[in-house]
Amino acid sequence: MDPTLFADDLARKPEVLGRLADRLVADPDPWHGFATQAPPPHLVLIGMGSSYFAAAVAAARLRAAGVDAVAERAGSGLLPRPREGTRVVAVSAGGGSRETRWAVGRYHGHCPVALLTNTPDSPMAGEVDLVVPMHAETEVGGVACRSYLHTLVLLLALERGLTRSPVDLVGTLRRSAGAIADLQDRVGEWWDPVTELIAGRDGTYVVAPARRLCSAEQSALMLREGPRRAAVACETGDWSHVDVYLTKTLDYRMLLLAGSRWQDELLRWTAERGSTVVAVGADVDGAAYSLRYAGDEDDDVRLLAETTVAEQVAAGLWADATPAPAEPG
């Protein structure tokens, strides 16, 4: 893992996402009909880490649209038993997750299994019925950033196929690439104030609506994985039931990914307790700083773009914390 190369990976997000959009124009169904055949599917999405974060929101979106779908951590000893119509989507960017490969072994031969991966020549790819490439290209910094984004995109493509949604996914991707580029182009304006406000001595708390909870989880992971900062994710409505208590005892610093119908209660507590809130994606009363970006009125653009904020904060903190190489001689 390398902070400079991680920054390079981030800089290429809009470009590589744009190429994925082009691919989806040429091939609108990268899943080749997987899970659309009769009988109606019982879809099981499995993965670990950021793969699971994305899968959990994807499964929730499918359930909301009437599709029988669940997401499970691949290492769980309580994986659903295959039944008629079960189809499994395993997500592993590197194709080498021990837990995901173990779970694939549990299902392969009993039901159709697809692998969504950025490494289509991995050994796990030979153990499934369908391989769906992420096309995120090699992440030279060693951190899953583009592959996380492309996981979401390909799962949105699966959702579109299963629900026959008329949503213009390619248009969403192009707007999202523009949103990411907008945040990156203006990083010199917002990085210092945002970082000063959210990188406190007691860590950073990232909060998002349930429909975008993966954004909070991935954002917190970026702060832990690169600069090794304490960071925790929470769902906005649930925050008032499980995290509010910490505002009484900690120097509480929140990165709020805006848009939940329940955030008014959260903001009441943070105002009463004097907590620090940075809002992303909307102008929020009571926030110490509100960071807007192009296209943030579209919830799917938020889903694909908003992790850029924590990624850029993490990249800068990581670079600052990394000792310079010794001079030769």
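**Salt bridges and cysteines, value by value**

User: Why is Arg-211 called partly exposed?

Analyst: In this predicted model, Arg-211 has 39% relative accessibility. Partly exposed runs between the buried limit, under 20%, and the exposed limit, over 50%, so Arg-211 counts as partly exposed.

User: What makes Arg-211 and Asp-299 a salt bridge?

Analyst: Their closest N and O atoms are 2.9 Å apart. The cut-off is within 4 Å, so the pair qualifies. Arg-211 sits in the loop between S6 and helix H8 (213-225) and Asp-299 in helix H11 (residues 299-305), so the bridge ties together parts 88 residues apart in sequence. Through shared partners, salt bridges join Arg-211, Arg-212, Asp-299, Arg-302 and Glu-306 into one network.

User: How do you know that Arg-201 and Asp-251 form a salt bridge?

Analyst: Good one to check! The N to O distance is 3.8 Å, and the limit is within 4 Å, so this pair passes as well. It links Arg-201, in the loop between helix H7 (187-198) and strand S6 (204-208), with Asp-251, in the loop between helix H9 (236-242) and strand S8 (253-257), 50 residues apart.

User: Are Arg-201 and Asp-251 buried or exposed?

Analyst: Arg-201 has a relative accessible area of 70%; exposed means over 50%, so Arg-201 is exposed. Asp-251 has 18% relative accessibility, under the 20% limit, so Asp-251 is buried.

User: How many disulfides are there, and what is the nearest cysteine sulfur to Cys-214?

Analyst: The whole structure has 0 disulfides. For Cys-214, the nearest cysteine sulfur is that of Cys-234, 15 Å away. A disulfide needs the sulfurs within 2.5 Å, so Cys-214 is in no disulfide.

How values were computed
Residues are numbered from 1 along each chain as its sequence is written. This is a predicted model: local features need pLDDT of at least 70, side-chain atom pairs count only at pLDDT 80 or more; totals for chains, interfaces and linings use all residues. Side-chain values use heavy atoms; hydrogens and water are left out. A salt bridge is a side-chain nitrogen of Lys or Arg within 4 Å of a carboxyl oxygen of Asp or Glu. Helices (H or I, at least four residues) and strands (E, at least two) are DSSP runs, numbered from the N terminus. Buried means under 20% relative accessible area, exposed over 50%, partly exposed in between (1.4 Å probe, protein chains only).
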